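Hi everyone, thanks for coming. Today I'd like to walk you through a structure that may be new to you, so please have it open as we go.

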Amino acid sequence: MPRYLGVMSGTSLDGLDIALIQQDTRPALLAHHYIPMPDALRAELLGLCTSGPDELARAAIAEQCWVELAAAGINALLQREGLSASDIRAIGSHGQTVRHEPARGFTVQIGNPALLAELTGIDIVADFRRRDVAAGGQGAPLVPAFHEALFDSDEQPKAVLNVGGFSNLSLIEPGQAVRGFDCGPGNVLLDAWIGKVRGDAFDRDGAWAASGQPNAALLQALLSDPYFATRGPKSTGRELFNLPWLENHLAEFPAVSPADIQRTLLELTARSIVDSLQQAQQDTAELLVCGGGAHNAALMQRLQELLPSCQVASTAERGVPPDWVEAMAFAWLAHCCLERIPANRPSVSGAKGPRVLGAIYPA
């Protein structure tokens with residue numbers, strides 16, 4: 001059975017996830033590797049998410065650094081597993097999203113796949129999102145088709161929730177096309193606020209948020225953003241939800257303590273997920289959570305409280321470690337591209353029809 005590698009660095013920008021899968025009837029995780037994002041590269045990638053001087057040159061240099069990091073991780077994983085480049089059919093490389101504006105007809109992921117092919121000696125499949133956008137779609141989320149392949153439904157409707165920088169849902173029901181969309185902020189505002197106030201990269205286990213109390217007025221102000229009133233297909237990113245967006249709202253609430261703000265942001269993430277799920281699929285029996293948010297005990301507890309009739313669980317309970325689901329997805333997307341299997345879902349993205357996603361860079 002063919003083996004594929006998937007490389008993913010998401011909107012949290014904490015590091016690169018590399019997953020090795022074997023493609024059989026359904027994809028199986030064989031091995032994985034994680035590389036922390038160097039601080040300087042993370043800062044530069046964050047900077048490229050907004051306009052600035054000399055953007056083209058800065059982006060070109062940043063993607064070279066990103067590729068060198070990815071190649072080092074890939075080669076380390078192969079060496080550890082006793083594999084060579086010839087054992088891998090292809091690498092699915094998501095690259096790093098620096099702009100995502102499908103309403104204006106574009107999405108930008110940097111990651112120099114030609115250089116990655118040179119450094120690994122393996123065929124690369126990259127640039128997965130732009131074909132869907134070209135076909136009138138959102139270009140995101142791309143993972144619902146993979147979630148369907150990995151967690152196909154039994155008799156009861158289920159949902160798969162990925163909580164990275166942003167949160168997205170995949171809705172899987174027997175006899176229906178999979179649906180999905182971005183709910184809104186996942187960890188992006190939680191990480192930004194604790195970084196600003198305490199200098200921490202993230203709120204481990206949601207402990208700081210759990211020490212505060214949600215502020216109802218602030219929460220209502222945050223939820224009043226028009227994005228939360230729209231229904232799928234929809235996607236979002238740092239172009240909308242970012243620290244300046246939060247600070248503009250906080251200017252109206254100067255008396256709210258930092259811990260209470262963090263707790264309110266956790267409530268924003270939980271409520272936006274639950275509201276979206278209940279609007280789109282009221283009878284969900286099971287919510288499987290992957291991504292970094294699956295480790296946030298306070299968030300998982302709050303989701304279960306808000307969904308008392310639904311079982312909320314990590315994908316680990318289905319045998320798939322939550323940290324590697326997205327990287328596995330891009331390995332699977334590489335397989336779909338090489339086999340000319342359409343991997344977008346018009347029911348998710350709003351594209352005009354099914355499309356084969358990705359561009360191939362031969363080794």
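This is a predicted model: local features need pLDDT of at least 70, side-chain atom pairs count only at pLDDT 80 or more; totals for chains, interfaces and linings use all residues.

Let's begin with the core. The largest nonpolar core has 48 residues. Leu169, Leu265, Leu268 and Leu287 are the ones with the most contacts inside it. Which helix gives the most to this core? That is H10, residues 258-280, with nine residues. Apart from this core lies another one, of 34 residues, and Leu142, Leu150, Ala334 and Cys337 are among them. As a general point, nonpolar side chains in soluble globular proteins tend to be buried together.

Now zoom in on Leu169. Leaving out residues up to four places away in sequence, Leu169 touches a list of residues that includes Pro144, Phe181, Cys183, Ile273, Leu277 and Leu287.

Strand S8 covers residues 158-163. How many of the six residues of S8 are buried? Six of the six are, so the strand is largely enclosed by the rest of the structure. Lys158, Val160 and Asn162 point one way from S8, while Ala159, Leu161 and Val163 point the other way. What are the partners of S8? With S9 the pairing is antiparallel, over six bridges, and the two strands form a hairpin with two residues between them. In that pairing, Leu161 stands opposite our friend Leu169 in S9. S8 is also joined to S11 by five bridges, and these two strands run parallel. Here Asn162 stands opposite Cys290 in S11.

On to two helices. H6 runs over residues 188-198, and its buried residues are Val188, Leu189, Leu190, Asp191, Trp193 and Ile194. What covers them? The cover includes strands S9 and S10, together with helices H7, H9 and H10. Just after H6 comes Gly199, with a positive phi of about 75°.

The other helix is H11, residues 297-306, where Ala298, Leu299, Met300, Arg302, Leu303 and Leu306 are buried. Its buried residues are covered by elements including S8, H7, H10, S11 and S12. At the start of H11, a side-chain oxygen of Asn296 reaches to within 3.2 Å of the backbone nitrogen of Ala298.

Next, a few loops. Two peptide bonds to proline are worth a look. The bond from Ala140 to Pro141 is cis, with omega near -15°, and Pro141 is found in the loop between H4 and H5. The bond from Gly232 to Pro233 is cis too, with omega near 0°, and Pro233 is in the loop between H8 and H9.

Asp54 has a phi of about 55° and is found in the loop between H1 and H2. Arg340 also has a phi of about 55°, this time in the loop between H12 and H13. Are they buried or exposed? Asp54 counts as exposed because its relative accessibility is 56%, and Arg340 counts as exposed because its value is 54%.

Compare that with His94, in the loop between strands S4 and S5. His94 counts as buried, because its relative accessibility is 6%. Its side chain is joined to that of Arg129 by a polar contact of 3.1 Å. Beyond its neighbours within four places in sequence, His94 is in contact with Val7, Met8, Ser9, Gln109, Arg129 and Phe330.

Last stop, the cysteines. How many disulfides are there? The count comes to zero. For Cys49, the nearest cysteine sulfur is that of Cys65, 16 Å away. Cys49 counts as buried, because its relative accessibility is 11%. What about Cys310? Its closest cysteine sulfur is in Cys183, and the distance of 13 Å is too far for a bond. Cys310 counts as buried as well, because its relative accessibility is 4%.

That's the tour, and I'm happy to go back to any part of it.

Terms used. Residues are numbered from 1 along each chain as its sequence is written. Side-chain values use heavy atoms; hydrogens and water are left out. A nonpolar core is a set of buried Ala, Val, Leu, Ile, Met, Phe, Trp, Tyr and Cys residues joined through side-chain atoms within 4.5 Å. Buried means under 20% relative accessible area, exposed over 50%, partly exposed in between (1.4 Å probe, protein chains only). Helices (H or I, at least four residues) and strands (E, at least two) are DSSP runs, numbered from the N terminus. Contact means heavy atoms within 4.5 Å. A polar contact is a pair of N or O atoms within 3.5 Å; within protein, one must be able to donate a hydrogen and the other to accept it, and residues adjacent in sequence count only if both atoms are side-chain atoms. Two strands pair if DSSP finds at least two bridges between them. A disulfide is a pair of cysteine sulfur atoms within 2.5 Å.
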